[in-house]
Amino acid sequence: MQQPIGIFDSGVGGTSIWKEIQKMLPNEDVVYLADSLNAPYGTKSKEEILRLSIKNTELLLEKGCKLIVVACNTATTNAIDYLRTTYEVPFVGIEPAIKPATLQTKTKKVGILATKGTLSSSLFHNTTKLYAAGITVIEQQGKGLVELIEAGRTDSSEMKELLQSYVNPMLEKDIDCLVLGCTHYPYLIPLLKEIVPSEINIIDSGEAVARQTMALLKKNKLLNVSNTAIAHKFYTNSPTKVLHSLVAGPNVEISYLDF
């Protein structure tokens, strides 16, 4: 089926998920919504996150999307249950990769860097309770990180200082796995590798989300089996400069959209 996959996020972070989906599903068209005007979602109330998630979902459905990836940890943890019971298309959500971290840790201490909206959600607490028995999970709110990424200041000295202030206390508590609980944060991996020892495993959810997307497309017989040219359409309600710096390709189109 040649209808596109829809992806939305509170800005540009979900492009890290798009890259994994593109690798795994090269024949699929994509429509991506970067709601940068309202970033970050992680500091908003559950009611506001739900309202924004509904707005994004309905816009993607208007554009004919056959499946929607909620490429935002905060939107997943606060809105995906409602979206799944309200709309007929399949949804793929993002959860912090607590399970793989608990399977890999040798010190039995795992750090998670995430937004306030994710760390305070019932889904996060239920996931941690389910998989982290006997494991110490050290939570750290990544306040200010999304804003710097959205501003195109990922490699700034301010970003490095902020990351060090968040990560060093976790290292002092002997973590050996660091879970990135926000889709913006994979763009910080090069900087994190300068800060943390090489033996620390940095774990994000991108590949797992792409696998789940493929599985749901197959299950619902929605895979695109045609040989027509693919298109990746990105829409943002903020200036397009940062989006242009993160996504590129012959089939990529980036536009401003007031939504």
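Trainee: Where does Pro 40 sit?

Mentor: Pro 40 is in the loop between strand S2 (30-34) and helix H2 (46-62). Helices (H or I, at least four residues) and strands (E, at least two) are DSSP runs, numbered from the N terminus. The peptide bond from Ala 39 to Pro 40 is cis, with omega near -5°. Bear in mind that this is a predicted model: local features need pLDDT of at least 70, side-chain atom pairs count only at pLDDT 80 or more, and totals for chains, interfaces and linings use all residues. Residues are numbered from 1 along each chain as its sequence is written, and side-chain values use heavy atoms, with hydrogens and water left out.

Trainee: Why is Thr 183 called buried?

Mentor: Buried means under 20% relative accessible area, exposed over 50%, partly exposed in between (1.4 Å probe, protein chains only). Thr 183 has 5% relative accessibility, so it counts as buried. Thr 183 belongs to the loop between strand S7 (177-181) and helix H9 (189-195).

Trainee: And what makes Asp 174 partly exposed?

Mentor: Asp 174 comes out at 40% relative accessibility, so it counts as partly exposed. Its loop is the one between H8 and S7, and its phi is near 75°, a positive value in a residue other than glycine.

Trainee: Why does Lys 221 count as exposed, then?

Mentor: Lys 221 is at 71% relative accessibility, and therefore counts as exposed. Lys 221 also has a positive phi, about 55°, although it is not a glycine. You'll find Lys 221 in the loop between helix H10 (206-219) and strand S9 (232-236).

Trainee: Back to Thr 183: what does its side chain reach at 2.8 Å?

Mentor: The side chain of Thr 183 reaches the backbone oxygen of Ala 71 at that distance, 2.8 Å. A polar contact is a pair of N or O atoms within 3.5 Å; within protein, one must be able to donate a hydrogen and the other to accept it, and residues adjacent in sequence count only if both atoms are side-chain atoms.

Trainee: What is the strand order in the open sheet?

Mentor: Six strands form that sheet, in the order S4-S3-S1-S2-S9-S10, with parallel pairing. Strand S4 (91-92) and strand S10 (252-256) are the edge strands, as each pairs on one side only.

Definitions and conventions
Pairing = 2+ DSSP bridges.
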